[in-house]
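Here is a friendly walk through one model. Have the sequence and the 3D view open as you read.

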Amino acid sequence: MLSYFDPKKDLGTPAKESATQVSVQIDGRDILVPEGTSVLRAASLVGIDIPKLCATDSLEAFGSCRLCAVAIEGRRGFPASCTTPVEEGMSVTTQTPQLAKLRRNIMELYISDHPLDCLTCSANGDCELQDMAGAVGLREVRYGFAGANHLEQPKDTSNPYFSFDASKCIVCSRCVRACEETQGTFALTVEKRGFDAKISVGSAEDFISSDCVSCGACVQACPTATLIEKRVEEHGTPDRSIVTTCAYCGVGCSFEAQMKGNEVIRMVPFKGGAANQGHACVKGRFAFGYATHKDRIKAPMIRDAIDQPWRTVSWDEAITFAAERFKAIQAQHGRNSIGGITSSRCTNEETYLVQKLIRAAFGNNNTDTCARVCHSPTGFGLKATLGESAGTQTFDSVRFADAILVIGANPTDAHPVFGSQLRRRLREGADLIVADPRKIDLLKTPHLSSAVHLPLRPGTNVALINALAHVVITEGLEDRAFITERCDTAAFEQWEAFIKQSSNSPEALADVTGVAPEQVREAARRFAQAANGAIYYGLGVTEHSQGSTMVMGIANLALATGNIGREGVGVNPLRGQNNVQGSCDMGSFPHEFPGYQHVGDDAVRTRFEALWGVPLDAEPGLRIPNMFDAAINGEFKGMYVQGEDIAQSDPDTQHVEAALRSLDCLVVQDIFLNETAKFAHVLLPGSTFLEKDGTFTNAERRINRVRKVMPPLAGKEDWQVTMALANALGYPMNYGHPSEIMDEIAQLTPTFTGVSYNKLEQLGSIQWPCNEQYPEGTPIMHEMEFPIGKARFAITTFVPTEERSTRRYPLLLTTGRILSQYNVGAQTRRTDNQIWHHEDRLELHPSDAQVRGIKDGDWVGISSRAGETVLRALISERMQPGVVYTTFHHPESGANVITTDASDWATNCPEYKVTAVQVVPVSAPSDWQASYSRFDIAQQSLLPEKDGLPNV
Amino acid sequence: MGADSAKKLVNMANQIAINNSHYSSDEAAADVVANHLKRFWAPAMREAIKHYAEQDSTELLPITRLAVSRLP
């Protein structure tokens with residue numbers, strides 16, 4: 001792929017931004033570079049590679065190895081070129097006999113204390129120390145190897161993914177600096193000085209017991225084999241690489257899949273990736289082993305009823321079986337008796353095809369997506385206020401933010417690469433305001449300059465955002481010029497009158513939110529008075545009965561303070577899964593075609609009908625919860641689910657299970673026998689992101705290419721399966737490649753008209769809208785105008801949730817996820833990430849534990865009006881009294897057995913974040929868990945035998 | 001439609017009404033609610049709540065009742 005720089009070349013030190021250009025001469029070559037650029041980088045830019053070891057362009061210059069010494073006219077000695085900034089008129093010589101001798105001497109000292117096992121070393125051929133020995137012409141080590149050395153230092157293999165061999169360490173500090181500058185964890189340090197200096201994991205014994213979060217930045221930064229992936233140790237160095245996009249969270253990191261044949265050896269974050277800029281987390285970098293896990297479904301299977309054994313059949317037989325069943329159901333129960341669910345884990349092209357199949361081949365609009373249960377309120381709220389259902393910024397924009405308001409999000413766990421970017425900006429001095437019931441790790445950012453934590457009660461988001469806006473307006477902190485120029489006057493005046501009401505003051509709402517009024521005022525002032533104020537939010541905003549209202553409240557605050565339409569500001573929804581934005585863009589919702597175009601709009605529908613060649617339904621279809629209800633009522637009988645696990649991820653599990661049991665035909669397309677597939681009649685093998693071509697769209701609207709690096713294990717990419725099903729249903733689909741699907745998307749979607757695979761190859765990635773007006777995409781939205789002309793303030797009256805703590809259920813449960821696991825855990829549970837989180841636990845405050853006689857690690861029963869489950873307790877000061885928390889990564893935990901059917905008023909997004917519960921010590925699993933265990937064993941036993949062994 | 005389903009639809013519609021009750025009059029709010037139901041609810045759900053309103057509208061809030069009466 002082309003890019004604005006060669007991402008494979010290491011220029012030695014980071015780029016500098018300056019309006020002033022400086023002219024220098026290096027080895028007789030003239031170059032103009034921004035002021036502040038190092039001599040090392042400037043030389044590299046003109047093609048002169050000065051030897052280096054401690055320098056790399058992802059880290060600030062350190063100047064410890066001195067290998068990059070140069071001669072500068074008019075200066076004494078040989079300064080390190082990495083720490084020497086260019087100056088106007090400077091003349092630099094990079095190679096002289098004296099410099100050559102100096103560099104050889106330095107390398108000689110390094111090598112005198114380094115194992116001479118290059119031929120058997122795991123980094124052989126991929127080692128900067130080896131390269132530099134060659135570059136400086138090292139031919140002998142005069143000191144011998146018998147003196148004091150570090151060659152017997154022990155090797156730390158405690159981390160499942162990489163090892164640390166101290167005997168090979170040259171103490172260049174790149175790992176320490178990567179941990180600090182790139183990741184922001186500060187887990188590593190250099191212990192002692194001089195000859196005794198060594199890399200240490202603080203006071204911990206080894207990596208696994210340290211603060212290390214296994215992001216792998218240190219491994220990537222290491223110039224030797226000291227820190228190296230275990231897979232490289234086991235399999236050797238890769239021989240080819242392909243740039244693709246991670247399939248975990250909504251950050252959408254670009255990776256080089258480094259391969260040997262069809263086997264992924266390692267995933268290395270791609271420096272040219274605009275979203276991640278060469279960084280990654282433990283999931284994206286290391287947790288890809290699920291792709292070849294033994295549990296992968298590798299052949300289509302069918303059965304008549306869910307208590308029958310699965311029969312392995314050909315693709316043709318499975319597809320025909322599914323199509324005939326769907327047709328029979330529609331013949332008996334009507335056109336609207338079937339529907340389907342698209343996946344936020346699949347590509348844009350696959351998602352587009354599934355909704356097209358439903359609308360064109362099923363003949364109804366019963367299509368929905370898992371964004372229903374996460375960010376559907378974002379779509380509703382931002383469309384109503386700003387005119388477009390998407391975040392407004394790039395991730396990179398945070399570099400210019402002065403006050404950062406994080407609401408209901410936990411970026412260091414759920415969006416870790418962006419979390420690192422955010423922490424970098426906080427270390428530079430930006431103000432942090434966190435609105436969250438829990439004391440999230442962001443508040444513990446090392447070297448954080450200033451932070452306000454607003455520990456609100458679950459369910460009171462709207463009250464808090466109103467209180468913040470009340471302070472802004474009543475204290476005259478609003479941006480009148482922006483409001484006058486960019487916002488609808490009548491809507492603003494109505495909102496202004498509303499928000500000024502004393503009932504919205506921090507003092508009036510303190511009893512509701514539980515947040516001290518002076519804290520709210522302080523936070524509002526800091527945000528409003530900052531030159532650039534940026535808002536980041538997650539599912540702690542959307543998964544409420546007023547999720548949509550809260551999104552509108554966030555937009556109101558951004559508009560009132562003029563924080564829209566430039567770098568460093570904006571409304572930034574942090575999307576949970578890799579393609580939540582894309583699945584919404586692609587028309588997964590029952591009321592919208594791709595591009596958020598309503599099905600009831602005759603002109604829009606006519607265009608789709610013309611291209612798709614069939615009449616289309618003008619009425620909205622059923623949403624996921626509506627499908628469940630209709631199934632239980634006997635009105636909805638068939639469902640096609642691609643790449644989602646609604647039986648585990650959706651709320652009120654027992655209700656979902658009852659709905660799935662009611663179906664006459666459930667077709668699941670997935671890479672594993674997931675919880676939903678246990679209720680299925682047809683199981684179509686899915687393909688992982690490594691096995692197909694396509695695109696994902698991340699949280700900043702960035703369309704990134706997904707590139708096939710290995711053939712699909714079951715022979716078909718997911719889009720080919722959907723195509724086959726459409727054809728079997730009698731609706732022809734004939735695409736030769738996902739690029740053809742994207743071409744069709746571009747024809748029908750006004751914000752995508754300029755998108756094509758060719759342009760993606762040229763630009764690397766594209767942020768939509770990309771059309772005639774914005775031919776290369778739109779990094780920052782709403783710079784000059786809103787899609788609706790003027791932005792519209794919305795009235796956001798606080799309506800308390802009906803889900804309240806009572807005498808019977810006195811605690812409030814919130815759910816979320818953690819760093820090492822992802823969503824329902826289907827992928828990460830099948831990797832070594834299990835070492836960090838092998839079970840879901842119930843986190844509760846010491847005072848709540850004490851009054852119940854609960855100790856850390858005890859089994860506790862959690863009951864709500866929806867159901868009961870049992871987890872082990874984790875007692876934590878991070879919680880506030882009265883609030884408990886758990887994750888939902890393990891199906892046997894039954895976290896969603898407890899969550900209820902309460903949902904957002906506008907979108908039906910479930911209220912996962914507020915469930916009234918009681919917690920008591922228990923000694924046995926819940927009835928649901930016992931029943932789940934029996935069902936799981938039974939379903940596993942119904943799978944065909946593998947290698948002659950039963951699947952129990 | 002079962003009693004549980006009817007109850008759910010009534011709750012959902014009332015929730016929409018409560019969250020739009022800030023309009024200047026019940027008439028204006030009912031227009032917004034009716035429009036929301038038309039844009040986002042499947043026809044079967046609209047028919048179901050209309051049927052409920054015809055049989056027994058006691059659980060419907062005034063704005064909801066007005067909105068449902070405006071559904072085509």
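In H13(A), the residues A:Asn466, A:Ala469, A:His470, A:Ile473 and A:Thr474 meet A:Glu496, A:Ile499 and A:Lys500 of H15(A). Contact here means C-beta atoms, placed from the backbone, within 7 Å; helices (H or I, at least four residues) and strands (E, at least two) are DSSP runs numbered from the N terminus. By class, this contact has three nonpolar, three polar and two charged residues (Ala, Val, Leu, Ile, Met, Phe, Trp, Tyr, Cys and Pro count as nonpolar, Asp, Glu, Lys and Arg as charged, and the others, Gly among them, as polar).

The axes of H13 (residues 461-474) and H15 (residues 489-500) of chain A come within 9 Å and cross at roughly 105°. The two helices H13(A) and H15(A) are therefore roughly perpendicular to each other (65 to 115 degrees).

## About the model

This is a predicted model: local features need pLDDT of at least 70, side-chain atom pairs count only at pLDDT 80 or more, and totals for chains, interfaces and linings use all residues. Residues are numbered from 1 along each chain as its sequence is written, with chains lettered from A and ligands numbered from 1 in the order in which they are written.

## A three-stranded sheet

Strands E10-E11-E12 of chain A form, in that order, an open sheet with antiparallel pairing (strands pair if DSSP finds at least two bridges between them). Strand E10 (240-245) and strand E12 (263-269) of chain A each have a single partner strand, so one side of each is left without a neighbour in the sheet.

Six bridges join E10(A) to E11 (residues 254-260) of chain A. A:Thr244 has A:Phe255 in E11(A) as its bridge partner.

How values were computed. Axes are lines fitted to C-alpha atoms, for helices over the stretch in contact, and angles run from 0 to 180 degrees between N-to-C directions. Angles under 35 degrees count as roughly parallel, over 145 as roughly antiparallel, 65 to 115 as roughly perpendicular and the rest as oblique. Two residues are in contact if their C-beta atoms, placed from the backbone, lie within 7 Å.
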